[in-house]
Amino acid sequence: MKNLNLLFNKTYYSDMADTEAFNKAVIKRNEELFSTVFYDRDYTACPLKGCGSFLLKTRYPGLLVGTGYAHGLGYDNVSADINCGFSFDYVSGQPYIPGSSVKGILRSAFRKDELRAFIADFCAIGEDQVEAFENQIFGTSAEDDGEGDDVFLDAVIRCGDQNGHILGDDYITPHRSAIENPTPIRIIKILPDVVFEFRFILKDYEKDGVKVTVEQKLALFSELAQILGIGAKTNVGYGAMTPADESSVNVPTAPTPAPVTVDSTPAPTVVTAPPVQLPTDADIGKVFTAVVGKRKDPKNYYLTVNYNGSTFQGSLRLKGEAPTGEIEVIFSEISGKNYKFLLP
């Protein structure tokens with residue numbers, strides 16, 4: 001899979017020569033984003049010891065993460081521009097849900113009275129133990145992520161939709177005025193039916209004779225994520241998720257690259273012609289064999305002269321018609337690059 005972070009946050013605005021060219025470039029880059037296929041090689045299992053996980057699948061209309069990041073120029077005449085940011089992993093470029101976001105969402109459930117009763121019942125603990133249970137998971141301070149026993153890792157994509165696609169676009173229409181029509185804002189989203197793997201490193205909870213196992217915690221977190229939703233704009237349906245398992249994972253196999261063929265045919269032998277030897281002043285007066293060519297001017301003809309197994313060009317001073325075939329000529333002088341000859 002191409003690096004979507006590089007495409008969306010770096011090269012997206014690389015062509016801004018003028019509005020028309022920029023709009024065309026943005027349309028092309030949007031097509032690259034939305035046509036991206038998540039292949040089997042794009043998934044990496046968690047290498048950390050003790051990692052537990054569960055799978056959840058996005059539901060319609062999809063999932064929004066990282067919309068608060070800056071993106072978009074806000075030009076009215078650039079209709080294709082995506083005007084909200086998104087969470088892409090810096091290295092792999094894949095969309096992901098930050099572990100801090102997962103932790104914050106789950107912790108918020110413990111602060112809701114109606115869900116505290118649900119948590120107590122689900123884990124078979126008393127409601128008076130929910131606070132101690134919360135502190136063991138998250139710590140006693142919301143600002144200090146290091147106090148809790150449990151570690152919340154980033155949630156990553158396990159597979160795309162039925163076609164392997166993971167991204168699409170949508171529009172939101174904030175009403176800034178009661179009497180003005182809203183201006184649609186184009187956004188990017190995770191498509192429905194995309195499966196995420198939520199990862200954790202958890203410890204059993206034991207206190208006052210009550211125990212909540214790692215498996216129970218995973219089941220609880222899965223339920224809470226489905227109740228609350230994940231990401232932004234959950235109040236209008238985004239972030240709704242449903243349970244998934246490995247049987248629902250349908251990851252297309254990446255196409256095998258064409259094999260590199262090596263041409264074993266030996267390179268042809270290149271025969272280099274010997275350098276042309278030219279006569280010097282010491283050769284003036286000597287007789288050479290040559291062939292007369294076309295007329296150069298009223299008094300001279302072009303001449304191809306044989307010399308030491310090679311030929312070179314000269315000129316023959318001659319009145320009237322030139323003889324044909326190979327003839328003998330006398331080397332008379334060198335004038336610049338012109339080698340002059342006369343008939344005997």
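What we have is a predicted model, in which local features need pLDDT of at least 70 and side-chain atom pairs count only at pLDDT 80 or more, while totals for chains, interfaces and linings use all residues. Residues are numbered from 1 along each chain as its sequence is written, and side-chain values use heavy atoms, with hydrogens and water left out.

Let me begin with the helices, which, like the strands, are DSSP runs numbered from the N terminus (helices H or I, at least four residues; strands E, at least two). Helix 4, residues 113–123, and helix 6, residues 214–228, have axes that come within 10 Å and cross at roughly 150°, where axes are lines fitted to C-alpha atoms, for helices over the stretch in contact, and angles run from 0 to 180 degrees between N-to-C directions. Helix 4 is therefore roughly antiparallel to helix 6, a term used for angles over 145 degrees. On the helix 4 side, the contact (heavy atoms within 4.5 Å) is made by Leu 115, Phe 118, Ile 119, Phe 122 and Cys 123, and the residues of helix 6 that take part include Ala 219, Leu 220 and Leu 224. This contact divides into ten nonpolar residues, one polar and one charged, where Ala, Val, Leu, Ile, Met, Phe, Trp, Tyr, Cys and Pro count as nonpolar, Asp, Glu, Lys and Arg as charged, and the others, Gly among them, as polar.

Helix 6 also packs with helix 5, at an angle of about 95° and with the axes 14 Å apart, so these two helices are roughly perpendicular to each other, the word for 65 to 115 degrees. Here Phe 133, Gln 136 and Ile 137 of helix 5 meet Lys 217, Leu 220 and Phe 221 of helix 6.

Turning to the backbone, Ala 124 sits in the loop between helix 4 and helix 5 (130–138), and its phi is near 60°, a positive value in a residue other than glycine. Elsewhere, Tyr 60 and Pro 61 are joined by a cis peptide bond with omega of about 5°, and Pro 61 belongs to the loop between strand 1 (51–58) and strand 2 (96–97).

Finally, the largest pocket is lined by 18 residues, of which Thr 44, Asp 89, Ser 92, Val 156 and Arg 199 lie nearest its centre; a pocket is an open set of points on a 1 Å grid over the protein atoms alone, where a 1.4 Å probe fits, with protein on both sides within 12 Å along at least five of seven lines, and lining residues have an atom within 4 Å of a point. The lining divides into eleven nonpolar, three polar and four charged residues.

Methods
Parallel < 35°, antiparallel > 145°, perpendicular 65-115°, else oblique.
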